[in-house]
Amino acid sequence: MTAERSRHWLARPLAAALVLGGLAAGVSALPGDRELPIDIEADRNRGNLAANEIVYLGDVRITQGAMIIVGDEVRIYRTDTNEVRRMEAFGAEPARVSDRLQEDQPYTHLFGHEVIYDAEAGYITATGEARLQQGRNLVTAHYIRYDLETEEFESDRQAPDGSTGARVSMCLIPDSEDTEEELSPDAEAAQRPSSCEAIR
């Protein structure tokens with residue numbers, strides 16, 4: 001294993017919280033979330049109903065229960081039964097997917113200039129200033145991939161498309177009960193550090 005490429009089997013709370021409940025039937029974060037409607041807000045959209053493809057543009061925000069997706073652009077690809085099979089979020093800020101598995105656990109946030117959830121292949125990837133954070137635990141890299149079936153997590157300075165960026169950095173720091181406070185997922189994501197140096 002090199003410093004540039006790492007493979008981790010994370011603690012179950014961090015790994016399980018990455019399962020994006022609202023995006024496909026049968027996969028859910030908090031109990032009952034998959035029965036809730038998907039709310040989508042954007043400045044505009046366009047789509048191809050025959051191909052089951054819809055693109056949302058401009059300050060996009062998607063929510064279903066505890067799950068939140070934000071980005072400058074989000075592309076959603078559905079099945080003929082109206083289930084989401086793939087979601088691609090893009091953002092300069094960057095894009096973000098946030099979710100949590102249980103009420104008493106903090107949100108898990110996955111950031112990247114491109115964040116892709118592929119329900120059919122069973123994985124989530126983030127590329128470009130990719131960042132995975134839960135509480136004060138933080139992983140940064142150019143590319144992050146999480147396999148929903150095996151719970152295998154991988155980060156790399158090179159993405160499959162050949163692009164390269166920051167080397168892998170990982171910080172695991174327990175939260176202090178004295179300093180932990182209840183935040184909205186948006187406020188929590190905004191206040192969390194963007195690098196390991198910021199929390200040392």
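**Reading the model, feature by feature**

Guide: Let us begin with exposure: aspartate 59 is exposed, with a relative accessible area of 64%. This is a predicted model. Aspartate 59 is found in strand β4, and its phi is near 50°, a positive value in a residue other than glycine.

Visitor: Where is asparagine 52 found, and is asparagine 52 buried or exposed?

Guide: Asparagine 52 is found in the loop between β3 (44-48) and β4. Its relative accessible area is 11%, so asparagine 52 counts as buried, the cut-off being under 20%. Asparagine 52 is likewise not a glycine, and its phi is positive, near 60°.

Visitor: What is the relative accessible area of leucine 57, and which residues is leucine 57 in contact with, leaving aside its neighbours within four places in sequence?

Guide: Leucine 57 has a relative accessible area of 11% and is therefore buried. This residue is found in strand β4. With its neighbours within four places in sequence set aside, leucine 57 is in contact with Ala42, Asp43, Arg44, Arg46, Asp72 and Glu73. Aspartate 72 is 15 residues apart from leucine 57 along the chain, yet their C-alpha atoms are separated by 6.0 Å.

Visitor: Which residues surround valine 74 as contacts, leaving aside its neighbours within four places in sequence?

Guide: Valine 74 is in contact with Ile54, Val55, Tyr56, Val60, Ile62, Ile69, Met87, Glu88 and Ala89, once its neighbours within four places in sequence are left aside.

Visitor: How many aromatic pairs does a search of the whole structure find, and which ring does arginine 131 lie over?

Guide: The search finds zero aromatic pairs. Arginine 131 lies over the face of phenylalanine 111, at 3.9 Å from the ring centre.

Visitor: Which residues does a cis peptide bond join?

Guide: The cis peptide bond joins glutamate 93 and proline 94, with omega at about 5°. Proline 94 is found in strand β6.

Note on methods: Residues are numbered from 1 along each chain as its sequence is written. This is a predicted model: local features need pLDDT of at least 70, side-chain atom pairs count only at pLDDT 80 or more; totals for chains, interfaces and linings use all residues. Side-chain values use heavy atoms; hydrogens and water are left out. Contact means heavy atoms within 4.5 Å. Rings of Phe, Tyr and Trp (its six-membered ring) pair if their centres lie within 6.5 Å; planes under 30 degrees apart count as stacked, over 60 as edge-to-face and the rest as tilted. A charge sits over a ring if NZ of Lys or CZ of Arg is within 6 Å of the ring centre and within 35 degrees of the ring normal. Helices (H or I, at least four residues) and strands (E, at least two) are DSSP runs, numbered from the N terminus. Buried means under 20% relative accessible area, exposed over 50%, partly exposed in between (1.4 Å probe, protein chains only).
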